[in-house]
Amino acid sequence: MNNRFRFDAPSVADEEELDDQLVAYNLRKVPCRQGEPFVKFCRCAYNEKNELVGGVLACSILWNILSIESVWVAENYRGQGIAARLLKEVEEEAKAAGCYMAQLDTFDFQAPGFYEKQGYEIFGTLANAPKGHTHYYMKKTL
């Protein structure tokens with residue numbers, strides 16, 4: 001054990017510094033390929049009472065690769081094409097902004113079949129994560 005260092009949980013400022021340093025390193029290796037380094041692509045669906053019933057949260061970071069972070073539709077609105085439309089709108093907006101690929105991850109108890117119907121393909125899995133389940137990593141050419 002090296003006694004010259006202290007190991008501890010980071011402050012909020014330290015977390016930001018870590019992120020900034022990693023981005024700076026990445027950009028020295030591969031320059032930013034999009035106008036802004038971080039671009040959000042998000043869509044929501046609302047019912048007739050203006051209540052949120054679904055949404056997609058996504059972003060592109062540095063290299064025109066769309067990262068789908070969250071897709072959710074309220075249970076009583078599922079099966080009506082809402083998620084497919086939201087995902088398509090986000091993908092189209094991202095493609096128009098220069099994104100050429102999308103990636104996401106999902107679990108066996110979520111919606112891997114839904115994403116496959118939308119053109120995503122599995123490129124990796126992590127078995128038993130969480131225990132008894134499979135974590136899927138998926139991609140799509142836009």
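Is Cys99 buried or exposed? I looked this up to begin my notebook, and Cys99 is buried, with a relative accessible area of 5%. My scale for this: buried means under 20% relative accessible area, exposed over 50%, and partly exposed in between, with a 1.4 Å probe and protein chains only.

**Ground rules.** I am reading a predicted model, where local features need pLDDT of at least 70, side-chain atom pairs count only at pLDDT 80 or more, and totals for chains, interfaces and linings use all residues. Residues are numbered from 1 along each chain as its sequence is written, and side-chain values use heavy atoms, with hydrogens and water left out.

**Cysteines.** I searched for disulfides, meaning pairs of cysteine sulfur atoms within 2.5 Å, and the count is zero. For Cys32, the nearest cysteine sulfur belongs to Cys99, 11 Å away. Cys99 is in no disulfide either; its nearest cysteine sulfur is that of Cys59, at 9.3 Å. Cys32 is partly exposed at 29% relative accessibility.

**The core.** Next I looked inside for a nonpolar core, which is a set of buried Ala, Val, Leu, Ile, Met, Phe, Trp, Tyr and Cys residues joined through side-chain atoms within 4.5 Å. The largest one has 24 residues, and Leu66, Ile68, Ile82, Val90 and Tyr120 have the most contacts inside it. Among the elements that give two or more residues to this core are strand E1 (38-46), strand E3 (65-73), helix H2 (82-96) and strand E6 (134-141). H2 gives the most, with six residues. I take helices (H or I, at least four residues) and strands (E, at least two) as DSSP runs, numbered from the N terminus.

I then picked Ile68 and listed its contacts, meaning heavy atoms within 4.5 Å. Leaving aside neighbours within four places in sequence, the partners of Ile68 include Val56, Leu87, Val90, Leu104 and Tyr120.

Met138 was my next stop, in strand E6. Met138 is buried, at 0% relative accessible area. Not counting residues up to four places away in sequence, Met138 touches Leu104, Pro112, Tyr115, Glu116, Tyr120 and Phe123, among others. Glu116 is 22 residues from Met138 along the chain, yet their C-alpha atoms are separated by 8.6 Å.

**Salt bridges.** Side chains of opposite charge can pair when their charged atoms come close. I counted a salt bridge where a side-chain nitrogen of Lys or Arg is within 4 Å of a carboxyl oxygen of Asp or Glu, and the whole structure has six.

- Arg43 pairs with Glu93, with the closest N and O atoms 3.0 Å apart. Arg43 is in strand E1 and Glu93 in helix H2, so this pair ties together parts 50 residues apart in sequence.
- Arg85 pairs with Glu89 at 2.8 Å between the closest N and O atoms. Both lie in helix H2, four residues apart, about one turn of the helix. Arg85 is exposed at 59%, while Glu89 is partly exposed at 26%.
- Glu91 meets Lys140 at 2.9 Å, N to O. Glu91 belongs to helix H2 and Lys140 to strand E6, so the pair ties together parts 49 residues apart in sequence. Glu91 is buried at 8%, and Lys140 is buried at 16%.

I also noted that Arg43, Arg85, Glu89 and Glu93 are linked in a network of salt bridges.
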